Amino acid sequence: MKILMVCAGGMSSAMVVRAIEQEGTKQGLEMKVKAVGIYEFEDEIKNGWDVGLVAPQVRHCLANFQKAGNEANVPVIAMSPQCYTPLGGARALAEAKAAVAK
Amino acid sequence: MNFIMTFIEKVLMPPMTKISTQRHIMAVRDGIVASMPFVIVGSVFLIAIALPFDAWKELIKPYAQTIILPYRISLGLISLYVAFGIGYNLAKSYKMDPLAGGIMAFGAFMMTQLPVNVGAEISKIIGDNKLGVVGENLTAFGDKMGLAFPLERLGAHDMFVAIIVSIVAVEVLRFCRERNLTIKMPDGVPESIARSFALLIPVAIVIPVIWFFRHIVNIDFGVLIMMLFKPLVVAGSTYIGALVPVFLIDALWFCGIHGDSVVGSVARPLWTMMIEQNGAAVLKGLPAPHLFPEQCLQWFVWIGGSGCTLGLVVMMMFSKSTYLRDIGKVSIVPGIFNINEPVTFGLPIMYNPIMMLPFVFGPLIIGTTTWLCMAFGWVQVPYILVAWTLPAPIGALLSTGFDWRALVLSMFNLCLMTAIYYPFFKAYERKLVADEAAAATSTEHYQL
């Protein structure tokens with residue numbers, strides 16, 4: 001599963017990236033997770049991702065991200081704040097899966 | 001309490017987040033972000049000449065001007081980077097050729113600059129005076145220099161000109177494209193050539209217009225715009241002006257919105273200007289003119305992240321609540337480097353009524369101690385821009401050119417803020433410990 005995450009500078013989400021990757025590997029999925037900053041997202045989402053996850057602190061930009069996602073045909077969702085910690089991998093992955101399944 | 005929360009969420013948040021996602025503001029933000037790697041690397045050279053060792057200072061004295069050149073071509077020429085960056089990003093947001101936008105903006109900005117004819121100026125000064133060899137040398141020097149752009153104007157001084165002119169240039173580009181005012185090359189013409197012809201008409205509009213107003217009518221855009229922004233710049237150094245961003249950023253973070261990113265998208269041009277002018281002044285041996293650049297917030301208020309949560313994280317690590325302990329442990333390393341999302345969303349602070357008072361209003365108190373120290377000259381005003389991910393006391397030291405009092409202030413504020421958090425933290429901890437005890441006796445599993 002290929003997940004692209006976006007937060008302000010791509011730094012805080014880098015911590016969540018590891019949590020999601022670990023959770024995915026535990027579930028036997030082949031994972032590729034990457035974190036980018038708000039100004040990189042629009043270009044990066046075109047590069048074959050399954051889903052875009054928007055960090056809660058930049059959810060006010062969600063509409064912009066979803067527009068870019070629509071153009072690339074990739075679902076883009078806002079993560080719930082509860083899974084935006086290094087302990088929230090399981091829940092974040094569940095949210096990503098639900099978005100892809102839709 | 002509820003009233004404040006509703007106020008933040010319903011009144012403060014919507015317009016601010018709306019502004020920060022506005023197309024032009026976003027282009028300005030991204031344009032400045034693009035220049036940051038240069039600025040951070042260039043600033044290292046400024047730190048190098050500020051190293052607090054007399055022997056070192058003596059040693060490098062003859063080379064100081066050479067050593068700081070990387071600084072002068074980064075932050076010292078910030079307007080050039082910003083013009084290109086804004087033009088590029090704005091054009092991209094309109095789905096136009098970004099390179100075209102970048103060079104349009106760059107060229108338009110350069111047209112606002114007045115080169116000095118050094119040779120002519122020198123002969124004007126010498127006039128009919130016979131200065132002998134000195135006069136001959138001066139004339140020869142002037143002839144060799146030819147036309148020169150005063151670098152000072154390409155730094156922060158004309159940054160707002162760069163911002164405005166870049167936006168105008170790209171809007172002209174867009175106007176021409178929408179009205180089909182472009183010269184189209186037949187198929188088969190290489191793309192790079194077709195591209196340069198597509199720019200011909202927009203450039204033919206922008207360059208002569210700026211040339212006319214700047215060089216014929218002689219309107220100095222830089223001076224004019226500085227005059228307009230002066231009240232805002234002055235206000236930024238007043239007590240209230242310094243604390244408004246502190247409050248807004250924390251109020252937004254309390255709603256889980258990236259406050260720095262939102263407030264910074266509007267304030268960062270101003271903050272960048274402040275730190276550049278502080279650096280330029282200190283290099284000339286003058287006091288830094290702007291008391292409260294962003295670095296004051298960064299190193300003395302946002303210790304461990306917005307809301308100054310580092311002390312809170314340490315308390316969490318030793319908490320009686322298992323949950324708080326777990327979150328504290330994963331939050332400490334990012335916290336040292338000023339990343340505190342794990343606390344904000346994990347504790348959570350976001351929408352947590354118990355944590356609102358210390359998180360939103362506590363920073364106003366350490367903001368006050370900081371402002372007082374700057375206003376009374378007890379601590380050197382920051383004048384060097386260093387990467388925000390450094391641990392705060394180190395950043396404070398570097399940013400002030402190694403003023404040990406900056407280190408003391410940073411540590412003092414951290415302790416003060418930890419004390420402010422303490423009672424609220426204890427209250428929240430009691431609640432969680434009770435919840436955990438209840439969960440342990442019931443079958444209900446505590447879910448994150």
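**Reading a sheet and a helix crossing**

Tutor: Let's start with chain A, where four strands form an open sheet: 4 strands in the order E2-E1-E3-E4, with parallel pairing. Strands (E, at least two residues) and helices (H or I, at least four) are DSSP runs numbered from the N terminus, and two strands pair if DSSP finds at least two bridges between them. This is a predicted model, in which local features need pLDDT of at least 70, side-chain atom pairs count only at pLDDT 80 or more, and totals for chains, interfaces and linings use all residues. Residues are numbered from 1 along each chain as its sequence is written, while chains are lettered from A and ligands numbered from 1 in the order in which they are written.

Student: Which are the edge strands of chain A's sheet?

Tutor: Strands of a sheet pair through backbone hydrogen bonds, either parallel or antiparallel. Here E2 (32-37) and E4 (76-78) of chain A each pair on one side only.

Student: Over how many bridges do E3 and E4 of chain A pair?

Tutor: E3 (residues 51-54) and E4 of chain A are joined over 3 bridges in the parallel sense. Val54(A) has Ala78(A) in E4(A) as its bridge partner.

Student: At what angle do H17 and H23 of chain B cross?

Tutor: Axes are lines fitted to C-alpha atoms, for helices over the stretch in contact, and angles run from 0 to 180 degrees between N-to-C directions. The axes of H17 (residues 294-301) and H23 (residues 404-441) of chain B come within 8 Å and cross at roughly 60°. That makes H17(B) oblique to H23(B), because angles under 35 degrees count as roughly parallel, over 145 as roughly antiparallel, 65 to 115 as roughly perpendicular and the rest as oblique.
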